[in-house]
Amino acid sequence: MTESGSLQTFLREGIGSFSNQSLRYGSGVYGADIFDCIWLPYNSENWSHIRTNNSIDNDNEFKLPENVMAMASVPTDPDAHMNISLTGLRITSRFYVFLHFSEIQELDPNDTR
């Protein structure tokens, strides 16, 4: 938040990105970000990357790029947690965190999440 109390973007991260580079999904790109935002990769050496080629239903006010929502990470050890950390911040910093999920893995009839 700024001193006036308005919101300010801190970062946008794509968990499960297959690239270690920042990605910009400008207009004209399949699954483009209509707001032309820059997405930073967020990965861990303890995670595996997965993706789907199926269409992603992301018809909501956030208008997230389909190619970001088609990628994800899963823990390499199925019993492990997935921790996400922000470092180098003041202890008084306040954040509103928005997490967006899409179903990209087909479950077998007896599987649960």
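Predicted model: local features only at pLDDT ≥ 70, side-chain atom pairs only at ≥ 80, totals over all residues.

Student: What makes the pair Lys63 and Asp59 a salt bridge?

Tutor: The term requires a side-chain nitrogen of Lys or Arg within 4 Å of a carboxyl oxygen of Asp or Glu. The closest N and O atoms of Lys63 and Asp59 are 3.9 Å apart, so the pair meets the definition.

Student: Why is Lys63 called partly exposed, and why is Asp59 called exposed?

Tutor: Buried means under 20% relative accessible area, exposed means over 50%, and partly exposed lies in between, with a 1.4 Å probe and protein chains only. Lys63 has 34% relative accessibility and therefore counts as partly exposed, whereas Asp59, at 66%, counts as exposed.

Student: Where is Lys63 found, and what is its phi?

Tutor: Lys63 is found in the loop between β4 and α1, and its phi is positive, about 50°, although Lys63 is not a glycine.

Student: How do you know what counts as a helix or a strand?

Tutor: Both are DSSP runs numbered from the N terminus, helices being H or I over at least four residues and strands being E over at least two.

Student: Why is Met71 called buried?

Tutor: Met71, which is found in strand β5, has a relative accessible area of 16% and is therefore buried. Met71 and Ser102 are 31 residues apart in sequence, and their C-alpha atoms are 8.9 Å apart in space. Of the 113 residues of the protein chain, 23% count as buried.

Student: Which residues does Pro75 touch, not counting those up to four places away in sequence?

Tutor: With contact meaning heavy atoms within 4.5 Å, Pro75 touches Asn46, Trp47, Ala80 and Met82. Pro75 is also found in strand β5.

Student: What makes a space a pocket and not a cavity?

Tutor: On a 1 Å grid over the protein atoms alone, a cavity is a set of points where a 1.4 Å probe fits but cannot get out, whereas a pocket is an open set with protein on both sides within 12 Å along at least five of seven lines; lining residues have an atom within 4 Å of a point. About 1900 Å³ of space lies in the largest pocket, a volume being the space filled by probe spheres set on the points, which are joined across faces, edges and corners. Of the 47 residues that line the largest pocket, the closest to its centre are Glu13, Val97, Phe98, Leu99 and His100.

Student: Which element gives the largest share of that lining?

Tutor: That is β5, which supplies four residues.

Note on methods. Residues numbered from 1 in each chain as written. Heavy atoms only, no water.
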